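Here are my notes on the model you sent.

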Amino acid sequence: MIGLLTALLLAAPGEASPPAPRTTAALEQLRAAADGLTQDHLRNETVAALQPQPCVRHRMGLTHAGETSILQQLRDEGLLLPPVDASQAEQQRRTVFPPLSDGEGCPSLPQPISAAPGGNAGSHHDWPGGLVAHEAFNLRAGMALADLYEAESGVPVDRDVLTAAILWHDWAKALVFTWREDGTLGPEGAIAGAGAHHVLGLAEAMARGLPPTTILAQACAHAAPVDGDQRKVAGWLRAAAIIARVEWTYPVRPTRECLISNAADDNWIHAEAAVHAADAGLARLAPRFGHPVADGAAYRTRLRNPALERLGADQIKALLDAEGDTGLDRALRSAGF
């Protein structure tokens with residue numbers, strides 16, 4: 001434990017540090033759920049996707065000319081706005097085709113899954129390890145909701161479909177939200193009216209040949225295809241199919257797994273309120289720990305981001321609500337800050 005804390009606190013800005021115990025535990029939950037999938041292909045692809053820096057299958061063999069063709073098709077179908085100038089055109093290219101790491105036979109994610117945040121700057125779970133924390137919570141929520149709806153209706157929920165949809169729904173945040181050396185995150189562009197990570201995650205699921213039922217439930221995480229939102233969900237799926245260079249003909253409808261996937265993702269609402277409260281509390285206490293907010297990169301990389309990874313925004317908010325700054329101060333010191 002001492003070695004972990006030392007590495008965490010002494011790492012230079014941008015330098016990788018070992019995952020916090022909370023992050024490791026969340027990743028283990030996700031991998032155990034993936035390993036428990038009963039469909040062989042779905043299990044194998046999902047297990048592979050949860051490795052530290054897996055292949056990004058929808059980018060395999062894609063040339064610059066191929067990227068240009070995809071971008072034009074997205075614009076022609078109204079899934080990307082026509083760029084006003086060369087700068088915006090290049091920005092769109094980076095949105096649809098974020099930088100990757102070199103991989104043996106296949107380009108890979110630019111950072112380990114365990115290092116990725118669960119949201120962009122100022123949003124929910126915007127700290128290293130936030131992605132797996134968010135998905136682990138959603139998985140527990142989804143399984144609990146499945147139990148409730150099964151008891152209410154007497155109709156079984158396909159646990160393979162629901163589990164895989166939750167595991168995949170934010171996978172591409174590890175592709176889109178990458179850390180800068182000063183502990184900040186870059187902006188996220190939009191594809192088909194959704195954050196790029198959502199459509200790129202669907203493209204990856206399509207490129208890996210996941211079942212359409214799973215991909216539909218994955219798409220539903222951000223909107224259920226009811227009350228006029230069917231067209232929105234269909235647009236995301238169409239954009240993903242163009243990017244993945246595959247055909248998509250499965251009907252867009254509100255399946256039971258789709259609706260539960262959507263409800264399970266509501267964790268972000270609570271988590272966003274929590275991270276705002278946590279940020280305010282950490283900023284107030286930062287001078288006591290030698291890294292005031294004005295220090296910028298040092299504050300983010302040596303206090304703010306590691307404190308959120310080790311404690312979580314919900315725990316920090318609960319401490320502040322119950323004990324004020326005194327409770328948070330004690331927790332930070334107990335954690336080695």
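**Notes on the model**

1. Helix α5 makes the largest contribution to the lining of the second largest pocket, giving 3 residues. Helices here are DSSP runs (H or I, at least four residues), numbered from the N terminus. The model is predicted, so local features need pLDDT of at least 70 and side-chain atom pairs pLDDT 80 or more, while totals for chains, interfaces and linings use all residues. Residues are numbered from 1 along each chain, and side-chain values use heavy atoms, without hydrogens and water.

2. The second largest pocket holds about 370 Å³ of space. Among its 14 lining residues, R94, P99, V176, G186 and P187 are the closest to its centre. Both α5 and α8 (173-176) supply at least two residues of the lining.

3. Helices α14 (residues 297-311) and α15 (residues 313-323) pack at about 90°, their axes 6 Å apart. That makes α14 roughly perpendicular to α15 (angles of 65 to 115 degrees count as such). In contact terms (heavy atoms within 4.5 Å), A307, L308 and L311 of α14 meet A313, Q315 and I316 of α15.

4. S114 sits in the loop between α5 (86-96) and α6 (130-153). S114 is buried, at a relative accessible area of 16% (buried means under 20%, with a 1.4 Å probe and protein chains only). Leaving out residues up to four places away in sequence, S114 touches P19, T23, L27, P128 and G129.

Key:
Buried means under 20% relative accessible area, exposed over 50%, partly exposed in between (1.4 Å probe, protein chains only). Axes are lines fitted to C-alpha atoms, for helices over the stretch in contact, and angles run from 0 to 180 degrees between N-to-C directions. Angles under 35 degrees count as roughly parallel, over 145 as roughly antiparallel, 65 to 115 as roughly perpendicular and the rest as oblique. On a 1 Å grid over the protein atoms alone, a cavity is a set of points where a 1.4 Å probe fits but cannot get out, and a pocket is an open set with protein on both sides within 12 Å along at least five of seven lines; lining residues have an atom within 4 Å of a point. Grid points are joined across faces, edges and corners, and a volume is the space filled by probe spheres set on the points.
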